Amino acid sequence: TLRKPISQSSMVDWASKNLNMHTQGIFRRRISISNMLSWNGGSIKKPMLITSNRTIKKEACELFKLVQSYMGDRQTRMDRNHVALVTVTKCWSTQGLRDELYIQLIRQTTDNMCYRSLAWGWELMAISLAFFSPSPKFQSYLEGYIYRHLDSDENIAQRIKELVDLKNKKISKSRKKRKQNTEDEGLPISAYAKYCYRKLQKVAITGGKKGLRKPTLEEITHARNAIITPSLFGSSLEEIMLRQQDRYPGNKLPWVQTQLSQQVLALGGEQTEGIFRIPGDIDEVNALKLQVDQWRIPSSLSDPNIPASLLKLWYRELEEPVIPQQFYKECISNYENPDAAVAVVQLLPELNRLVLCYLIHFLQIFAQPSNVGRTKMDVNNLAMVMAPNCLRCQSDDPRIIFENTRKEMSFLRMLIVHLDTSFIKGLV
């Protein structure tokens with residue numbers, strides 16, 4: 001369910017307080033908010049948002065040219081992939097530019113008469129959300145803007161037609177121009193908006209790309225492809241199984257889950273001290289994530305902490321947790337009762353039950369005393385690091401979160417100790 005975003009009046013109020021109002025003409029008249037937030041074919045001489053940072057003031061104008069270049073509204077010698085890479089890298093490296101990019105994209109996707117340019121603007125927004133979130137201060141504004149485009153395709157087509165008619169009133173070839181400008185050249189705008197809305201919710205929590213390595217062309221391409229072909233990370237279990245139907249029609253479990261689990265074991269993870277507690281190198285984890293999303297497991301892996309970290313990330317980023325939200329209360333109510341805890345597992349939807357049982361079977365390998373001596377990760381440690389990836393507390397109250405964290409850990413510990421997962425052996 002989508003949260004109701006901030007009202008239109010709140011968005012206008014935010015804009016009036018935060019927009020760096022531009023001027024025009026020899027008398028330097030201030031441009032209205034509606035014009036400030038409508039497509040502009042020219043350049044800008046100062047940032048869209050109020051700032052005192054000199055670097056931001058300088059970079060914002062160059063950023064606007066990059067946005068125009070990506071959208072096809074300005075000529076450039078770079079291809080669009082490189083334009084996106086330069087744009088994203090600037091904002092990923094300089095936090096103060098991120099809100100500026102998003103407000104520029106809002107401007108260039110408002111009252112835009114060219115459907116192709118409009119779609120490419122939304123595409124750049126989707127790509128950017130794969131790397132960084134807006135600031136908390138700007139998030140609700142961006143969320144409100146995206147929300148208003150979730151079912152807006154007819155309105156957009158009508159608006160483009162009105163703008164084109166206005167422009168071409170006296171041109172005899174207006175019909176030809178109108179068709180050229182309103183023709184659907186890709187995904188409907190609502191599809192981009194729905195993707196951006198989901199991506200914004202996630203990136204606001206996860207914080208986007210981490211590590212020291214700058215974004216790469218491969219990551220840009222991957223972010224663009226994810227708009228049409230959902231990633232194996234951040235999707236629902238049902239979507240993931242649907243995607244792998246052609247490749248692995250006989251599999252009962254997600255390929256990504258079984259492959260990463262097997263890699264941890266193949267690299268000696270059950271004999272590695274601090275496994276699941278010590279994170280793998282974040283840049284190596286990011287690189288492996290790209291490979292896995294292309295259904296590949298590289299043969300060059302040597303550190304079991306890399307697939308272990310990515311496996312935790314996969315569980316954590318599932319659209320709905322392995323144990324669906326409707327079973328959360330039952331879990332934390334039965335955190336001390338082994339029989340009741342096991343009974344909750346039997347109530348889960350079949351796919352969730354299999355995925356959870358595979359995970360518990362996997363953790364039971366590490367919980368064996370012979371392995372605990374090497375890993376220093378007993379059943380309590382395993383439950384502590386894995387519980388947040390399986391159960392999600394919906395409360396905002398820190399006291400409830402703190403109390404429930406203990407119950408979540410105890411519930412998972414009950415499953416590792418008492419759940420019979422022998423039927424999972426050999427299942428893929």
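Arg213, Glu218 and His222 supply 47% of what domain 1 buries against domain 2, more than any other three residues.

A quick word on what you are looking at. This is a predicted model, where local features need pLDDT of at least 70, side-chain atom pairs count only at pLDDT 80 or more, and totals for chains, interfaces and linings use all residues. Residues are numbered from 1 along each chain as its sequence is written, and side-chain values use heavy atoms, with hydrogens and water left out.

Now, which residues belong to each domain? Domain 1 takes in 8-167 + 188-229, and domain 2 covers 242-426; these bounds come from an automatic or database domain assignment. Their C-alpha centres lie 37 Å apart. At the meeting place, 12 residues of domain 1 are in contact (heavy atoms within 4.5 Å) with 11 residues of domain 2.

What holds our attention there? Between the domains we count 2 salt bridges, each a side-chain nitrogen of Lys or Arg within 4 Å of a carboxyl oxygen of Asp or Glu. Elsewhere in my notes is a salt bridge joining the side chains of Glu319 and Arg198, at 2.1 Å, N to O. On the domain 1 side, helix H10 (189-206) and helix H11 (217-228) each supply at least two of the touching residues. Helices are DSSP runs (H or I, at least four residues), numbered from the N terminus.

Let's move to helix H5, residues 98-108. Is H5 buried or exposed? Buried: that goes for 11 of its 11 residues, so H5 is largely enclosed by the rest of the structure. Buried means under 20% relative accessible area (1.4 Å probe, protein chains only). Among these residues are Arg98, Asp99, Tyr102 and Arg107. The cover over H5 includes helix H2 (33-36), helix H3 (54-70), helix H4 (80-93), helix H6 (115-129) and helix H7 (136-147).

One last stop: Asn251, in the loop between helix H12 (237-243) and helix H13 (255-266). Asn251 is buried too, with a relative accessible area of 18%. Beyond its neighbours within four places in sequence, Asn251 is in contact with Met241, Gln244 and Val428.

Notes:
Buried area is the accessible area (1.4 Å probe) that two parts lose on being put together, summed over both. Buried means under 20% relative accessible area, exposed over 50%, partly exposed in between (1.4 Å probe, protein chains only).
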